[in-house]
Every structure is written in C-alpha cells, then in structure tokens.
Protein chains: 2
Amino acid sequence: MPEPPYYAIIFTSRRRVQPGDGYGETADRMEELAAQQPGFLGVESARGADGLGITVSYWATLADVRAWGRHAEHLLAQKFGREKWYQWFALRVSRVEHATEFTHSEDASAPHEA
Amino acid sequence: MPEPPYYAIIFTSRRRVQPGDGYGETADRMEELAAQQPGFLGVESARGADGLGITVSYWATLADVRAWGRHAEHLLAQKFGREKWYQWFALRVSRVEHATEFTHSEDASAPHEA
C-alpha cells in the first residue's frame with residue numbers, strides 16, 4: 001500500500017434492475033481505463049446480495065482525481081449512469097490520512113492482490 | 001448526507017472461510033454499537049461473490065474515529081478479527097472533502113435509506 005496522504009473516491013450505489021443494459025461491460029472498461037490514468041493507485045469494488053455496491057479508487061493527488069472525473073470516455077459513462085444504470089448513488093472524495101494493512105500469519109505466503 | 005468535511009473509515013477485507021465462527025453476529029453487533037457512538041454519521045457495507053468486503057463508516061470528527069477504534073467491545077472484536085476472521089484487511093482513515101448524491105427521477109419517490 002502507498003504511504004498517505006493520497007486520495008480515495010468512495011462511490012456507493014444502488015443499481016436499477018435492467019439486464020442487458022451494458023452496465024457490466026462499461027464497468028469493466030472504466031476499471032481498465034482508470035488504471036491507465038496518471039496517479040492511479042488501485043481500486044477495490046464489491047456489490048452485495050442486497051444490491052448495494054461500493055467502489056473505492058485510490059489516487060495520488062486531487063488533480064489526478066479531477067482529471068479522471070473529466071476524462072471524456074468516463075464522462076460518457078457517468079451520463080449513462082445517471083440516465084439508466086443507477087437508482088441512487090453517492091460520490092465522496094476523501095483524503096487518506098492513515099492506512100494500515102494486516103495479513104494473517106497462516107495466509108502470509110499468499111499475499112493479497114490489490 | 002452531511003456536509004463535508006467529515007471522516008470516513010474505509011475497511012476492506014478478505015474473510016477466512018470458517019462457517020459458524022461467530023463473525024456474522026459480531027459484525028451485526030458492531031454496526032449496532034457504532035451507531036450509538038458520538039459522531040456516528042452512517043455506515044455502508046458490501047461483500048461481493050469473490051469474497052472482497054468493503055465497509056465504510058462515516059464520523060463527524062477524527063476524535064470520534066479514534067474513540068470508536070478504542071471502544072472496549074470493538075477492541076475485542078478487532079482481536080478476534082486478526083486471530084480468526086480475516087485473511088487480509090486494509091484500514092484507511094480519510095477526510096471527506098467533497099460529496100454529491102444522485103437519485104434517479106423515476107425513483108425519487110422512494111428515497112434511499114442510509
């Protein structure tokens with residue numbers, strides 16, 4: 001893990017239920033595209049059985065966060081997100097000030113892949 | 001949603017697979033207990049089919065974050081977490097600087113319950 005300070009974009013969402021709406025493909029593409037941007041440090045994502053999804057992406061600087069928010073292909077995905085994919089979402093930009101990591105001793109030989 | 005600035009504890013984890021280990025009961029209890037602490041603003045949690053879990057809790061001040069981290073019953077849960085429940089986790093304390101929320105117009109009559 002990088003040393004703080006760095007930035008985290010916390011995106012929590014509830015999806016609208018519409019199979020075949022292109023969401024999965026775009027979500028995968030956005031992860032791929034984000035990873036190519038300056039200052040990208042990593043991303044973690046989970047969606048539970050109750051439909052709540054949380055994606056946290058990590059960035060070196062606030063300028064990197066803003067540049068990603070304004071990336072042309074990302075802007076198009078954001079537009080589709082508001083129009084058809086999300087029932088609700090919250091987007092928070094936060095500055096990571098402390099970070100710790102733990103790996104169980106019995107699992108230490110199989111390190112976590114971020 | 002509260003107005004920034006406030007704090008977010010971003011907890012990402014991979015569980016060890018051990019049914020009947022008391023994890024679920026303690027996780028529920030910790031959410032209940034957190035909600036009773038000074039400065040608690042909310043919590044969002046998701047665990048995906050791949051086993052990655054993300055829980056983000058929101059707090060008014062850094063002092064509230066620290067007090068929750070040192071709560072006696074929470075300290076005991078943390079000890080069990082390291083000993084038996086988690087293969088890996090990362091814990092990040094971050095300061096939320098910007099926040100926006102979106103509700104789809106067709107879903108506006110059924111507001112999100114945090």
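User: What volume does the largest pocket have?

Analyst: The largest pocket has a volume of about 1,300 Å³, where a volume is the space filled by probe spheres set on grid points joined across faces, edges and corners. The model is predicted, so that local features need pLDDT of at least 70 and side-chain atom pairs pLDDT 80 or more, while totals for chains, interfaces and linings use all residues. Residues are numbered from 1 along each chain as its sequence is written, chains are lettered from A and ligands numbered from 1 in the order written, and side-chain values use heavy atoms, without hydrogens or water.

User: What makes a residue part of the lining of the largest pocket, and which residues lie nearest its centre?

Analyst: A pocket is an open set of points on a 1 Å grid over the protein atoms alone, where a 1.4 Å probe fits and protein lies on both sides within 12 Å along at least five of seven lines; a lining residue has an atom within 4 Å of a point. By that rule 47 residues line the largest pocket, and A:Phe11, A:Thr55, A:Trp68, A:His74 and A:Leu91 lie nearest its centre. Among the elements that give two or more residues to this lining are β1, β3 and β4 of chain A, together with β4 of chain B. The element that gives the most is α1(A), with eight residues.

User: Why is strand β1 of chain A called largely enclosed?

Analyst: Eight of the ten residues of β1(A), residues 6-15, are buried, and the strand is therefore largely enclosed by the rest of the structure; buried means under 20% relative accessible area, with a 1.4 Å probe and protein chains only. Strand β3(A) is likewise largely enclosed, because seven of its eight residues are buried.

User: What makes β1(A) and β3(A) a pair?

Analyst: Two strands pair if DSSP finds at least two bridges between them, and β1(A) and β3(A) are joined in the antiparallel sense over eight bridges. Strands here are DSSP runs of E with at least two residues, and helices are runs of H or I with at least four. Within this pairing A:Phe11 stands opposite A:Thr55, and A:Thr12 has A:Ile54 as its bridge partner. With β4(A), strand β1(A) pairs in the antiparallel sense over ten bridges, and there A:Arg14 is partnered by A:Trp88. On β3(A), the strand β2(A) also pairs in the antiparallel sense, over seven bridges; these two form a hairpin with four residues between them, and A:Gly51 in the turn has a positive phi of about 95°.

User: Why does B:His74 count as buried, and what does it touch?

Analyst: B:His74 has 15% relative accessibility and therefore counts as buried. Leaving out residues up to four places away in sequence, B:His74 touches B:Met30, B:Trp68 and B:Gly69, contact meaning heavy atoms within 4.5 Å.

Note on methods
Buried means under 20% relative accessible area, exposed over 50%, partly exposed in between (1.4 Å probe, protein chains only).
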